[in-house]
Amino acid sequence: MWPRASSLPDVRSIHAFVSRAYQVVLGREVDEHGLDYYGDLLQKGALRREDFLLTLVDSTEHAAFVFRRHFAMPDIRSLNPGAYVHLDSDDGARVEMYVANSAERMDWIHQTILETGFYERPSGWTQGLDDDKRFLANLLLLFDPRRVLEVGCSTGALLEHLQDRGVAEVAGLDLSVSARIRASDAIRGAIHVGQLEHMSLDSRFDIVAGFDVFEHLHPRDIGKAIQNVRQHLEDDGIVIANIPAFGPDAVLGERFSIWTDEWRRDSEAGQPFRHLQVDESGFPQWGHLIWADASWWTKAFEDQGLLRCTEAESLIQKRFAPEISRFPARGTMFVFSPTGAARRQN
């Protein structure tokens, strides 16, 4: 039973309500940001309890929770039991990890993800146009694009929205055949199926966008993939990449903390983390194969001739602060260009 309105007179009761909602609707404990954000809105009366619950139910994370329950993947831990360990987090929790400390182990988990159809299963990400995609569209439109390529475009809802808003040419790339099949007739022809590191399109673009894409690549392929992106970019174009980079950053802040000693050692050594947090089936969480800090990601792009546009990143943080507060994972929004500057900004 949900608490009645009269039982929410103070902050503690509201926080208890928010925590319980996260457990029931999302299947997890509430994070600090969610507790503070929704707790404050509820306390001030700026958000009704029923609207808060509907927000959670309508979220992509709730969809992912439901899909995990009804479209379970095979448990792969028994196929390679020696590759899994439990590590202690800073708050004392025991967290299961896949130890990707060799090329063979990284090859195995990458191949297993592909062979089991991990990316072809029903996705927790909404396929249609939602508030998150409208936000991403507004972010891209800030730079007055003429030609946009989205890598990891899924069914192309964002591209179709950009097309409707006047962008002259849009194109998408996705690994999933089923995503292209599910795309609308209006955008399906602009979607190409293939791997980013092997992408070869006829056009060059003034924006190449990758939202939650680069972290899914095999570490050995990241250089080739970014190089390929660079080759499809106009000389004065920009790359906008939303990547879950861990640790503090001077521009982006700290959205994802480094919470285990093993990660700290890898970060200090300038390498990706060799311990990948896994889900209940032994797959890396969300299919992420690269877990690394902001400095490592910055260097990965710089090595391919793409420099960070920190002024543009700061502008995004300022202009879209309310949206980033609502979608905190979008806070690690990198901007890169061959010159380190983004020329077109509305």
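At 14% relative accessibility, Asp221 counts as buried, where buried means under 20% relative accessible area, exposed over 50%, and partly exposed in between (1.4 Å probe, protein chains only). The model is predicted: local features need pLDDT of at least 70, side-chain atom pairs count only at pLDDT 80 or more, and totals for chains, interfaces and linings use all residues. Residues are numbered from 1 along each chain as its sequence is written, and side-chain values use heavy atoms, with hydrogens and water left out.

**Salt bridges**

The side chain of Asp221 meets that of Arg220 in a salt bridge (3.6 Å, N to O). A salt bridge is here a side-chain nitrogen of Lys or Arg within 4 Å of a carboxyl oxygen of Asp or Glu. Arg220, at 54% relative accessibility, counts as exposed, whereas Asp221 is buried. The structure holds 23 salt bridges.

| Pair | Distance, N to O |
|---|---|
| Glu234 and Arg147 | 2.6 Å |
| Arg220 and Asp221 | 3.6 Å |
| Arg265 and Glu262 | 3.6 Å |

The side chains of Glu234 and Arg147 meet in a salt bridge. Glu234 lies in strand β7 and Arg147 in strand β3 (residues 147–151), so this pair ties together parts that are 87 residues apart in sequence. Helices (H or I, at least four residues) and strands (E, at least two) are DSSP runs, numbered from the N terminus.

Arg265 and Glu262 both belong to helix α10 (residues 261–268), where they are 3 residues apart, about one turn of the helix. An α-helix has 3.6 residues a turn, so residues three or four places apart point the same way. Arg265 is partly exposed, with a relative accessible area of 49%, and Glu262 is partly exposed at 21%. Elsewhere, a network of salt bridges links Arg48, Glu50 and Asp51.

The buried residues of α9 are Ile222, Ala225, Ile226, Asn228 and Val229. They cover an arc of only 155° around the axis, which puts them on the same side of α9; the arc is that of the directions from the helix axis to the C-beta atoms. What covers these residues includes β6 (205–211), β7 (233–242) and α11 (294–302), with contact meaning heavy atoms within 4.5 Å.

Lys224 also lies in α9 (residues 222–231) and is partly exposed, with a relative accessible area of 39%.

In helix α6 (residues 131–141), 8 of the 11 residues are buried, so α6 is largely enclosed by the rest of the structure. The buried residues of α6 are Asp132, Lys133, Phe135, Leu136, Ala137, Leu139, Leu140 and Leu141.

**Aromatic pairs**

A search of the whole structure finds 20 aromatic pairs. Rings of Phe, Tyr and Trp (its six-membered ring) pair if their centres lie within 6.5 Å; planes under 30 degrees apart count as stacked, over 60 as edge-to-face and the rest as tilted. Phe214 and Phe301 form an edge-to-face pair, 5.3 Å centre to centre with 75° between the planes. This pair links distant parts of the chain, with Phe214 in the loop between β6 and α9 and Phe301 in helix α11, 87 residues apart. Both Phe214 and Phe301 are buried.

The rings of Trp259 and Trp263 have centres 4.5 Å apart and planes at 50°, so the pair is tilted. Both of these tryptophans, Trp259 and Trp263, are buried. They belong to a cluster in which ring pairs link Phe246, Phe256, Trp259, Trp263, Phe273, Trp286 and Trp291.

**Loop residues and a surface patch**

Trp286, a member of that cluster, is placed in the loop between β8 (275–277) and α11. Trp286 is exposed, with a relative accessible area of 51%. Its phi is near 60°, a positive value in a residue other than glycine. Asp212 likewise has a positive phi, near 65°. Asp212 is found in the loop between β6 and α9 and, at 25% relative accessibility, counts as partly exposed.

Val177, Ile181 and Val193 form a nonpolar patch on the surface, with about 270 Å² of accessible area together. Patches are made of residues with over 30% relative accessible area and no salt bridge: like charges are joined within 9 Å, nonpolar side chains (Val, Leu, Ile, Met, Phe, Trp, Tyr) within 5 Å. Accessible areas come from the Shrake-Rupley method with a 1.4 Å probe; for residues, only the protein chains shown count as cover. Val177 is found in helix α8 (residues 177–182) and is partly exposed, with a relative accessible area of 45%.
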